[in-house]
Amino acid sequence: MKVFKQANLVRIVILAAMAVLVCPNAILAKPGLDNPSFEIGDLSGWNKDILGGGVIRVVTNFYSYVPKDGAYFAWLLGYTPGSYTTLSQTFYASAGSTISGWAFFDTWDYMPFNDNAYVQIKSGVNVLATVFSKSVFDVEEGAYDEKWTEWTYTFTEEGTYTLEAGVANYLDYAGFSFLGIDGVVLTVQEPKVLKQDIIDQLGMYAHESKRIRKAIREIEKSLEDKLWTDNFHLKLKGGKKVLDRERHAARELIHLLKGIPDDGKCGGISLIELEYTGSKPIDVDVYLKNVLLGSFPVEEGDTFVVEATEETGGKLHPEIKLVSDGIELANIHTSCSKPINIDDEHGDFIIVDLDKLLPKNGKKGKKHQISDEAQVAVEIAIEQLVKVDRLLAEIQLNDARLLDPADSVRQDKFEHEIAKAEKELAKGDEDRDDYKLGKAIHHYKKVWEHATRAIKEATKLPKS
Ligand SMILES: [Ca+2]
Ligand SMILES: [Ca+2]
């Protein structure tokens, strides 16, 4: 193999170590709605607009309308023609979350006095969807219970949204019309629950492949309670392990689909991630054969990635040398002539991720084949792992964005980490959309790490 100039050959990414946590993240916002079914018995958590003279109440019944959920529902009445009486709540939703609820519209009016009501999902002032809409013209005779209509909306992007329900008179101030709202539910995808689903799905095909069994074990280890604050958040300390386990699991499954044997044989390496395990901070020089790629400081727990680019056919040089102060610390054969695997140790470095290429003959050995059903299950599992990783990253980033640094001196660092996290999220999405799922997971892990660092910056108290 020719030695290309270093910019073309590899990119080196350095991830700094995660320091010890300074504050529990249990205090941070958890996605959800306040008083979504009005069971507090009042409008706590909701914003009301009755500037047009309308009325909003929490009631136990209205004529023969009874709650769709629990003991209370919200009841709205419009007054000034064209001026909507509105009830709203703003909340955070991750991509894939669903919001649903019940609404009814009823009236004492008749045409052409076409009073009307709506339930909308908004992003700022923009209406994303009108999930319920009825007017005098639409009202039919029928049982009260049948007039409750269920509505639902799924968010395709994470963000802060507003649910708004409104009712207004039309043409005159007479012949009132009413809107009922109840049983609003925001179903946020819970990463921890999603992961259990992945295990269940893969479990059915565990007997078909060692790699599937290995992936399941990795996911199980990532679910250990001590690594999680709740179903949405990883502990600031140790959370990184969850993402590593997940990555290992995804890598096993990706290799399985590629048909790469699980005996350590391969046709080359396209990416290797190493973690420094030494206790003493050092400067490390990374060489491919005798070409210096880069030098940088590392301390215990730092990881760095050496990744082949398209220009080299996506394949790394067969040998990576790690040197410090002129002393060779490790020499890693990335040619696959010898078995190479995740968790292999090379001096003070441990392989934490590896993307292998198919052996030269390119044929999947018979013993590495799986059934079509298992193939589909594995494909879905990988996509789900990417989704879970993105969700964890996204939630952490969202939590970080909500903070203001306690120490103004840290504002710049805080913003810098947020910006880095956002950049990594964009890169991850790009790779995900290109179906480079292993790479996408890499970027999502970095999002989580930068967001976590931002949280730490924000929660450090000023030195007194
Ligand atoms: Ca209720
Ligand atoms: Ca009216």
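Domain bounds in this description come from an automatic or database domain assignment, and on that basis the chain is divided into domain 1, comprising 6-27 + 190-459, and domain 2, comprising 47-187. The C-alpha centres of domain 1 and domain 2 lie 46 Å apart. The model is a predicted one, in which local features need pLDDT of at least 70 and side-chain atom pairs count only at pLDDT 80 or more, whereas totals for chains, interfaces and linings use all residues. Residues are numbered from 1 along each chain as its sequence is written, and chains are lettered from A and ligands numbered from 1 in the order in which they are written.

Helices (H or I, at least four residues) and strands (E, at least two) are DSSP runs numbered from the N terminus, and two strands are taken to pair if DSSP finds at least two bridges between them. An open sheet is formed by five strands in the order β3-β4-β11-β6-β9, with antiparallel pairing. Its edge strands are β3 (55-59) and β9 (149-154), each of which pairs on one side only. From one strand to the next the twist averages 25°; for angles, axes are lines fitted to C-alpha atoms, for helices over the stretch in contact, and the values run from 0 to 180 degrees between N-to-C directions. Within this sheet, strand β6 (residues 98-107) is joined to strand β11 (residues 177-187) in the antiparallel sense over nine bridges, and Asp106 has Phe178 in β11 as its bridge partner.

Strand β5 (residues 85-93) pairs with strand β2 (residues 47-49) in the antiparallel sense over three bridges, with Leu87 in β5 as the bridge partner of Lys48. Antiparallel pairing over nine bridges also links β5 to strand β10 (residues 159-168), where Tyr92 stands opposite Thr160 in β10.

A further open sheet has four strands in the order β14-β13-β16-β17, again with antiparallel pairing. Because β14 (291-298) and β17 (327-333) stand at the edges with a single partner strand each, one side of each is left without a neighbour in the sheet. Neighbouring strands of this sheet are turned by 20° against each other on average, direction ignored. Strand β16 (residues 319-324) runs antiparallel to β17 and is joined to it by six bridges, with Lys321 standing opposite Asn331 in β17.

Helix α3 (residues 191-203) packs against helix α4 (residues 210-222) at an angle of about 160°, with the axes 10 Å apart. The two helices α3 and α4 are therefore roughly antiparallel, a term applied to angles over 145 degrees, with those under 35 counted as roughly parallel, 65 to 115 as roughly perpendicular and the rest as oblique. Residues of α3, including Ile198, Ile199 and Leu202, meet residues of α4, among them Ile212, Ala215 and Ile219, contact requiring C-beta atoms, placed from the backbone, to lie within 7 Å.

Helix α6 (residues 372-401) also packs with α3, at an angle of about 170° and with the axes 10 Å apart. Accordingly, α3 and α6 are roughly antiparallel to each other, and α3 passes α6 in a left-handed crossing. The contact includes Pro191, Leu194 and Gln201 of α3 and, among others, Ala377, Ile380 and Leu391 of α6.

Methods. Contact = placed C-beta atoms within 7 Å. Left-handed = near helix turned anticlockwise from the far one by under 90°.
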